[in-house]
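Keep the viewer open and click along as you read.

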Amino acid sequence: MTDIDGLLAAYDEQMRGVPPTPPIGVTYEQDGPLLRVVGQFRGFVSTPRDVGVGGAELDRLIARQRDRFAARGEAVEWKTRGHDLPADLTDRLRAAGFVPEERETVLIGRAEEMAAAPVLPAGVTLRRVTADADMHRIAAMETTVWDQDWSWLADDLISRVAAAPDEITVLVAEAGGEVVCAAWLVFREGTDFAGLWGGSTLPEWRGRGIYRALVAARARLAVGRGVRYLQVDASDDSAPILRRLGFHAVTTTTPYVWTPPRS
């Protein structure tokens with residue numbers, strides 16, 4: 001029997017917030033109960049489960065985040081979870097002009113149960129990358145997958161690897177010299193967790209086990225570092241795969257995003 005409540009409590013205690021070492025050019029700012037991240041492709045706001053304020057005081061807290069990034073001419077994401085408090089937080093975010101993006105499922109699994117030798121289809125190889133050129137290739141692949149400009153991702157990965165190479169491992173699956181899938185493992189020193197990110201796969205390579213292989217490969221690396229749990233913010237496409245692998249849903253997460261009006 002899996003203790004979902006225990007997993008959720010550990011997640012709330014250890015995984016809310018941001019990685020300990022900010023990427024180059026990024027700063028962290030504390031504003032009451034929340035942590036504000038400045039200097040990324042868009043701003044980011046992280047809170048504990050219970051923001052601890054309500055009513056007009058909460059409205060002022062939300063407005064300060066919006067106005068901080070409005071002054072910079074930047075968008076900002078406020079990351080919410082389905083069990084956050086106060087219960088009207090998301091209503092107040094909407095009232096302040098924040099718009100919800102696609103909801104994802106927070107999944108947690110035991111690293112040792114996921115760790116295995118990755119099984120890849122014929123012609124596909126897996127390797128760890130650190131070079132800037134490879135990060136740009138990953139961003140180009142993501143741009144193709146999502147049909148949006150993901151060029152910002154290259155700079156993000158480059159800066160994170162440069163700032164704290166022991167806190168992130170980036171893997172690519174390649175076929176014929178082309179990146180067909182990419183994923184990264186983010187370690188949280190002093191916690192029981194590591195985060196699984198990425199995993200987007202080119203459409204013509206889906207359904208061949210590449211995503212599962214990247215989960216297995218990252219789980220092996222996590223076990224080697226003494227990590228107990230793996231955490232994923234999973235899309236509707238990847239959540240069923242992860243559940244079949246043994247991950248457990250503990251809550252949902254929805255980014256609420258404010259974007260500066262076009263001039």
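## The aromatic cluster

F41, W146, W150 and W152 come together as one aromatic cluster. Keep in mind that this is a predicted model. Five aromatic pairs are counted in total. One of them is F41 with W152, a stacked pair with ring centres 3.7 Å apart and 10° between the planes. This pair links distant parts of the chain: F41 sits in the loop between β2 (34-38) and β3 (43-46), while W152 belongs to helix α6 (residues 152-163), 111 residues apart.

## A tilted pair between two strands

Now click over to F193 and Y229. Their ring centres are 5.3 Å apart and their planes meet at 40°, so this pair is tilted. F193 is in strand β10 (residues 193-201) and Y229 in strand β11 (residues 229-234), so the pair ties together parts of the chain that are 36 residues apart in sequence. Both F193 and Y229 are buried.

## Arginines over rings

R208 lies over the face of W205, 4.3 Å from the ring centre. R225 puts its charged end over the ring of F187, at 3.8 Å from the centre of that ring.

## Helices α5 and α6

Two packed helices are described by the angle between their axes and by the distance between those axes. For helix α5 (residues 132-146) and α6, the angle is about 145° and the axes are 8 Å apart. The crossing of α5 and α6 is right-handed.

Which residues make the contact? On the α5 side you'll find D132, M135, H136, I138, A139 and E142, and on the α6 side L153, A154, D155, L157, I158 and V161. Sorted by class, the contact of α5 with α6 has eight nonpolar residues, one polar and three charged.

The loop between α5 and α6 holds D147. D147 isn't a glycine, yet its phi is positive, at about 55°. With a relative accessible area of 69%, D147 is exposed.

## A cis peptide bond

Another backbone feature to check is the peptide bond from L85 to P86, which is cis, with omega near 0°. P86 is in the loop between β4 (76-81) and α3 (89-95).

## What covers α1

Which residues of α1 are buried? They are L7, L8, A10, Y11, D12 and Q14. The cover over these buried residues of α1 includes β4, β6, β10, β11 and β12 (248-258).

One of those covering strands is β6, and T105 lies in β6 (residues 104-110). T105 has a relative accessible area of 13%, so it is buried. Leaving out residues up to four places away in sequence, T105 touches V232, D233, A234, R243, A249, T251 and T252.

T169 is part of strand β8 (residues 168-175). Its relative accessible area is 8%, so T169 is buried. T169 and L185 are 16 residues apart along the chain, and their C-alpha atoms are separated by 5.1 Å. Not counting residues up to four places away in sequence, T169 touches R128, A183, W184, L185, F187 and L221. The F187 in that list also has the charged end of R225 over its ring.

P20 is in the loop between α1 (4-14) and β1 (27-31). It is partly exposed, with a relative accessible area of 47%. Setting aside neighbours within four places in sequence, P20 is in contact with Y28, E167 and R188.

Definitions and conventions: Residues are numbered from 1 along each chain as its sequence is written. This is a predicted model: local features need pLDDT of at least 70, side-chain atom pairs count only at pLDDT 80 or more; totals for chains, interfaces and linings use all residues. Side-chain values use heavy atoms; hydrogens and water are left out. Rings of Phe, Tyr and Trp (its six-membered ring) pair if their centres lie within 6.5 Å; planes under 30 degrees apart count as stacked, over 60 as edge-to-face and the rest as tilted. Helices (H or I, at least four residues) and strands (E, at least two) are DSSP runs, numbered from the N terminus. Buried means under 20% relative accessible area, exposed over 50%, partly exposed in between (1.4 Å probe, protein chains only). A charge sits over a ring if NZ of Lys or CZ of Arg is within 6 Å of the ring centre and within 35 degrees of the ring normal. Axes are lines fitted to C-alpha atoms, for helices over the stretch in contact, and angles run from 0 to 180 degrees between N-to-C directions. A crossing is left-handed if the near helix is turned anticlockwise from the far one by less than a right angle, and right-handed if clockwise. Contact means heavy atoms within 4.5 Å. Ala, Val, Leu, Ile, Met, Phe, Trp, Tyr, Cys and Pro count as nonpolar, Asp, Glu, Lys and Arg as charged, and the others, Gly among them, as polar.
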